[in-house]
Amino acid sequence: MLDHKALARYLIALADDELILGHRNSEWTGHAPILEEDIAFANLALDEIGHSRLWYELAADLLGEDRARFPDRQVFLRPAEEFRNLQLVELPRGDWAFSMLRQYLFDVFEQHRLAGLSESTQASLAEVAARIRTEEIYHLRHTRAWVTRLGLGTEESNRRMQAALDALWPYARGLGGALPGEAGLPAGVVPDSAALYEAWLAEVSAFLAEAGLTIQPGSPDLQSPISRADHSSDFAALIEEMQSVARLDPEATW
Amino acid sequence: MVMSKPAATRPSEAEIWEALSQVPDPEMPFVNLVEMGIVRELGWQGGRLQVTITPTFAACPAYEVMQAEILAALAALGLAGAEVLVSHNPPWTSEWISAEARQKLKDAGLAPPPRHQGDLLGVLMDPVPCPRCGSEQTSLRNSFGTTPCRMIYTCNDCKEPFEMFKPL
Ligand SMILES: [Zn+2]
């Protein structure tokens with residue numbers, strides 16, 4: 001028997017990751033180093049926020065909520081402490097290298113997870129995963145190209161990428177923690193996060209090495225991933241800004 | 001109580017498809033929602049028409065406008081209580097864009113998405129012919145464009161930039 005509430009909690013965490021990463025990426029709009037990348041990052045942001053909406057809608061169906069209203073309520077009226085995104089995606093955007101590398105690390109994990117989800121025994125989940133997966137092919141193609149270009153580019157671009165990797169790595173390892181609700185789901189509904197992590201680690205380790213980047217030894221290990229219930233101080237400011245207009249008049253229609 | 005027309009006076013399915021073929025894509029008004037493969041299926045539920053659509057890109061900002069325009073076209077046919085259902089099963093693919101719509105995209109200066117039969121990464125390695133001069137000497141400038149469904153190229157022969165509808 002499928003525990004609908006457990007699966008909804010899982011999907012809301014996925015949606016929160018996509019939403020918050022999309023929000024951080026949107027902060028580059030008008031500020032990216034070149035026009036092409038300004039356009040690209042605005043699109044990445046829009047795609048991720050679009051994907052978060054699909055996951056929130058699916059969670060609404062499982063909870064018997066109104067799918068037309070549920071996503072906005074989750075995004076604009078939920079207190080910061082109830083978000084279940086990774087700290088990885090809420091960290092301030094940093095420099096261009098930091099944002100690009102974060103997107104790459106997230107995209108690789110997402111490709112592995114979407115491959116698993118598109119085989120889910122829960123048909124509605126498999127369908128949405130298949131939809132998102134093909135779009136994510138474009139993200140990964142883009143971020144892989146940039147990680148290589150910056151990693152092997154100039155002394156400065158390599159130095160900045162290495163600094164970004166050093167800063168991101170302890171947070172990126174949080175990707176391997178089980179998602180909320182995951183433990184309560186029967187086999188075949190969602191892929192095992194620990195197994196996805198192993199596949200992710202093998203892929204990014206090889207790719208980063210080829211891009212001239214070094215994973216520093218002694219990073220915190222998977223045994224103590226950062227809980228998705230814990231957020232950084234920067235997160236409160238992000239949520240306050242994101243929700244400020246909606247909270248002026250929660251019943252307003254657009 | 002739901003008011004609906006008796007079956008005998010309903011517009012025929014052909015008439016409904018014809019009306020939906022007049023609904024332009026909000027972002028590309030030179031093609032319509034039927035030939036883009038977005039309108040998928042018609043069905044009746046207790047005298048009420050249900051139109052199933054499959055949105056293209058998940059973040060397509062035109063998606064709500066599409067639903068409103070479909071309902072308006074149906075209301076003009078006398079089908080006021082119609083409903084738009086959204087399905088991602090199977091997910092939309094650019095393979096569903098008709099040959100006629102591909103030609104319209106090209107005529108509007110937008111390179112149509114190449115046929116990929118499921119191999120997206122493979123087809124992205126192939127040259128993209130310039131929709132203006134037909135040259136295959138073109139270069140990718142950006143995998144992302146002015147909307148989620150476009151990417152930007154330049155033609156090395158006629159020197160013009162152009163957009164391609166992303167294969168999906
Ligand atoms: Zn040309």
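The dialogue below takes up a metal site, the backbone and the cavities of this predicted model.

Q: Which residues coordinate the zinc ion?
A: The donors are the SG atoms of Cys130(B), Cys133(B), Cys155(B) and Cys158(B), at 2.3 to 2.4 Å. Along the sequence, these donor residues follow the spacing C-x2-C-x21-C-x2-C.

Q: What is the geometry of the site of the zinc ion?
A: The site is tetrahedral, and the angles among its 4 donor atoms are 103 to 118 degrees.

Q: Is Cys155(B) buried or exposed?
A: Cys155(B) has a relative accessible area of 2%, and a residue counts as buried under 20%. Cys155(B) is therefore buried.

Q: What should I look for in the backbone?
A: Most peptide bonds are trans, and most residues other than glycine have a negative phi. Departures from either pattern can be listed one by one.

Q: Which peptide bond is cis?
A: The bond from Asn89(B) to Pro90(B) is cis, with omega near -5 degrees. Pro90(B) sits in the loop between strand S3 (83-86) and helix H3 (99-107) of chain B.

Q: Where is Gln117(B) placed, and what is its phi?
A: Gln117(B) is in the loop that runs between strand S4 (110-111) and helix H4 (120-123) of chain B. Its phi is positive, near 45 degrees. Gln117(B) is also exposed, with a relative accessible area of 75%.

Q: What is the phi of Lys159(B)?
A: Lys159(B) has a positive phi too, near 70 degrees. The residue belongs to the loop between strand S6 (150-155) and strand S7 (161-165) of chain B, and is exposed at 63% relative accessibility.

Q: How many cavities does a search of the whole structure find?
A: Rolling a probe the size of a water molecule over the atoms shows where empty space is left. Here the search finds 3 cavities of 30 Å³ or more. Of the 15 residues that line the largest cavity, Asp25(B), Glu27(B), Thr56(B), Cys60(B) and Cys149(B) are the closest to its centre.

Q: Why does the largest cavity lie between domain 1 and domain 2 of chain B?
A: Because domain 1 (7-86) and domain 2 (97-165) both give residues to its lining. By class, that lining has 10 nonpolar, 2 polar and 3 charged residues.

Q: Which residues line the second largest cavity?
A: Among them are Leu14(A), Trp55(A) and Phe106(A). This cavity holds about 50 Å³ of space. H5(A) gives the most to the lining, with 5 residues.

How values were computed: Residues numbered from 1 in each chain as written. Chains lettered and ligands numbered in written order. Predicted model: local features only at pLDDT ≥ 70, side-chain atom pairs only at ≥ 80, totals over all residues. Heavy atoms only, no water. Donors = N, O, S within 2.8 Å, 3.2 Å for Na, K, Ca; no water. Tetrahedral: all angles 85-135°; square planar, octahedral: opposite > 155°, others 65-115°. Buried < 20%, exposed > 50% of the residue type's maximum accessible area, 1.4 Å probe, protein only. Helix = DSSP H or I, 4+ residues; strand = E, 2+ residues; numbered from the N terminus. 1 Å grid on protein atoms, 1.4 Å probe; cavity = no way out; pocket = protein on both sides within 12 Å on 5 of 7 lines; lining within 4 Å. Points joined across faces, edges and corners; volume = space filled by probe spheres on them. Nonpolar A, V, L, I, M, F, W, Y, C, P; charged D, E, K, R; others polar. Domains from an automatic or database assignment.
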